[in-house]
Amino acid sequence: MPRFFARSILIFIVSATSFAGPADSETAQLSYLEESRNIAKEFMQALGGTLKKQLETGNAESAIGICKRIAPEMAVGYSKDGRVVKRVSLKNRNPLMGLPDEWERQVLEDFDRDFHDGKPAAEIEKVAIVQEPEGRWFRYMKAIPTQPMCLQCHGTPNDIPEGVKAVLAKEYPEDKATGYKAGEIRGAISIKRRM
Ligand code: HEC
């Protein structure tokens, strides 16, 4: 009798842990998703607001520093507590930090496809659990729409003031991040977190 009792306790513990596993990770995934959405929103709003102010009080040339210094600083600031936060693009300006990894590249291509199929850029996002050589990651990407104010530095040659062209040519000789129209996807915020 005691043996039977012990075995049923063991079975109970085993089944309880095997149920607790997926339930826990589902809860974790939901909280990571909420956290990622908040970071993406906060990042874009804060950067957009700072950029807008600088464009209004100064000019596009003087606002280059915002994108060059403040945006990467913000990304580094959010990259803590096991998270990595980046801004990536298929046509990156920053040759290192703006370059997508393989998973990000595929997601950005899907985002462009969704956009061309009629989905508004502001609604496009992707969530996945990705197995990588160093472990399992929760990954999130949110499309960054091109706003009219972005065109001064990311638009067609007619949109970009000569002074900006000169600075970009000097500082980003491998710049690919021009030729955009308002509404198009400029890139994405990418957030990964170890599971
Ligand atoms: C004043 C010029 C300027 C304006 C306006 C501007 N950007 Fe940029 N953008 C830059 C520069 C410079 C970089 C490269 C920053 C770096 O070195 O990391 C950049 C980089 C980026 C990147 C990172 C990926 C990459 O290409 O390297 C994204 C995404 C981006 N910009 C989106 C936007 C959006 C969206 C807007 C409008 C809300 C905008 N930018 C407005 C100058 C500008």
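**The shell around the ligand**

Author: Helix α2 provides six residues of the shell around the ligand, the largest share of that shell. The model under discussion is a predicted one. In total, 23 residues surround the ligand, and the closest are Arg93, Cys150, Cys153, His154 and Tyr172. Besides α2, both β3 and α4 (151-154) supply at least two residues each to this shell. The space that the ligand takes up is the largest pocket.

A polar backbone atom of Arg93 is 2.7 Å from an oxygen atom of the ligand. A polar backbone atom of Asn94 is 2.8 Å from an oxygen atom of the ligand. With His154 the side chain is concerned: an N or O atom there is 2.9 Å from a nitrogen atom of the ligand.

Val164 is in turn among the residues with the most contacts inside the largest nonpolar core, together with Phe43, Val85 and Ile189. That core has 29 residues. At least two of its residues come from each of α1 (2-57), α2 (60-78), β3 (135-145), α5 (162-171) and β4 (185-194). Apart from this core lies another, of 13 residues, which include Phe111, Ile124, Ala143 and Ala188. In soluble globular proteins, nonpolar side chains tend to be buried together.

Arg193 has its place in strand β4. Arg193 counts as buried because its relative accessible area is 12%, and the limit for that term is under 20%. A polar atom of the Arg193 side chain lies 3.4 Å from the backbone oxygen of Asp81. Beyond its neighbours within four places in sequence, Arg193 is in contact with several residues, including Tyr32, Glu35, Gly82, Arg136 and Trp137.

These parts belong to a chain with five helices and four strands. Along the sequence they follow the pattern α-α-β-α-β-β-α-α-β. Of the 195 residues, 35% count as buried. Among contacts between residues at least 6 apart in sequence, 68% join residues at least 24 apart.

Key:
Residues numbered from 1 in each chain as written. Predicted model: local features only at pLDDT ≥ 70, side-chain atom pairs only at ≥ 80, totals over all residues. Heavy atoms only, no water. Core = buried A, V, L, I, M, F, W, Y, C linked by side-chain atoms within 4.5 Å. Buried < 20%, exposed > 50% of the residue type's maximum accessible area, 1.4 Å probe, protein only. Near = heavy atom within 4 Å. Polar contact = N/O pair within 3.5 Å; in protein donor to acceptor, adjacent residues only side chain to side chain. 1 Å grid on protein atoms, 1.4 Å probe; cavity = no way out; pocket = protein on both sides within 12 Å on 5 of 7 lines; lining within 4 Å. Sits in = over half its atoms within 2 Å of the grid points. Contact = heavy atoms within 4.5 Å.
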